[in-house]
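My notes are below, in the order I looked things up.

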Amino acid sequence: MKSSPTDGGPGGAGASSSAAPAKRQASGVPSIVSADLRIEGNLHSIGDVQIDGIVNGDIASKTLTIGEGAEVHGAIEAESLRICGTVEGEVTAKTVILTKTARVYGDVLHESLSVEAGALIHGFCKRLDAPQKRSLPSPALSNGVAEPGARPALTDVPSGAPASSPAE
């Protein structure tokens, strides 16, 4: 029995060719680049990826793990990133974990960064979307006198400038 391109069988998608492509969803199963595999080109996944081989190209993924013997030569973008191997290129992720065997040659842009003793970074680490500085409110003053229980306001003293002393 032959199937036609519109009946949903092996040769077709079950929709006419003018329909928009269906939105892809993560399968829940990680994609794995095994230790004996070398990839020349960029990788893009909306799910989880485990790299144990060598990738010469950029990688974009939701969750990415670079295994201990793995090498990535290219930029990385991920929501969550764990590096145990070697990365040569800029790393951008919400959460970055560098294990003791990690070797990163490039800048690390992150919201959260964890670095184990022994990890190597040749580049800058920069926090993305750094939280705004919060200033402490001044204590409520009434006629120039602080209310009972009010804490004194903290002020920054420029380096090299003498700190002011309390009024005598």
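**Confidence.** I started by reminding myself that this is a predicted model. The mean pLDDT of the protein chain is 78, and 61% of the residues get to 70 or more. I then checked residues 1–20, where the pLDDT is below 50. Leaving out near neighbours in sequence, I find 14 contacts for that stretch in the model.

**Sheet.** Which strands make up the open sheet, and in what order? I count 6 of them, running β2-β5-β7-β9-β11-β13, with parallel pairing. At the edges I find β2 (38–40) and β13 (120–122). Each has a single partner strand, so one side of each has no neighbour in the sheet. Going from one strand to the next, the twist averages 5 degrees. As a reminder to myself, strands in a sheet pair through backbone hydrogen bonds, parallel or antiparallel.

I looked at one pair in detail. β9 (residues 86–88) and β11 (residues 103–105) run parallel to each other and share 3 bridges. Across from E88 I find Y105 in β11.

I picked L81 to see what it touches. Setting aside residues up to four places away in sequence, L81 meets L64, I66, I76, V91, A93, T95, V96 and I97.

**S31.** I wanted a residue in β1, and S31 lies in that strand (residues 31–33). Is S31 buried or partly exposed? Its relative accessible area is 40%, and buried would need under 20%, so I put S31 down as partly exposed. Skipping neighbours within four places in sequence, S31 contacts D48, V49 and Q50. S31 and V49 are 18 residues apart along the chain, yet their C-alpha atoms are separated by 4.7 Å.

**Charge pairs.** How many salt bridges does a search of the whole structure find? I get 1. The side chains of E40 and R38 form a salt bridge, at 2.9 Å from N to O. I also checked how open this pair is, and both E40 and R38 come out as exposed. In general, side chains of opposite charge can pair when their charged atoms come close.

Conventions
Residues numbered from 1 in each chain as written. Predicted model: local features only at pLDDT ≥ 70, side-chain atom pairs only at ≥ 80, totals over all residues. Heavy atoms only, no water. Contact = heavy atoms within 4.5 Å. Pairing = 2+ DSSP bridges. Helix = DSSP H or I, 4+ residues; strand = E, 2+ residues; numbered from the N terminus. Axes fitted to C-alpha atoms, helices over the stretch in contact; angles between N-to-C directions. Buried < 20%, exposed > 50% of the residue type's maximum accessible area, 1.4 Å probe, protein only. pLDDT = per-residue confidence, 0-100. Salt bridge = Lys/Arg side-chain N within 4 Å of Asp/Glu carboxyl O.
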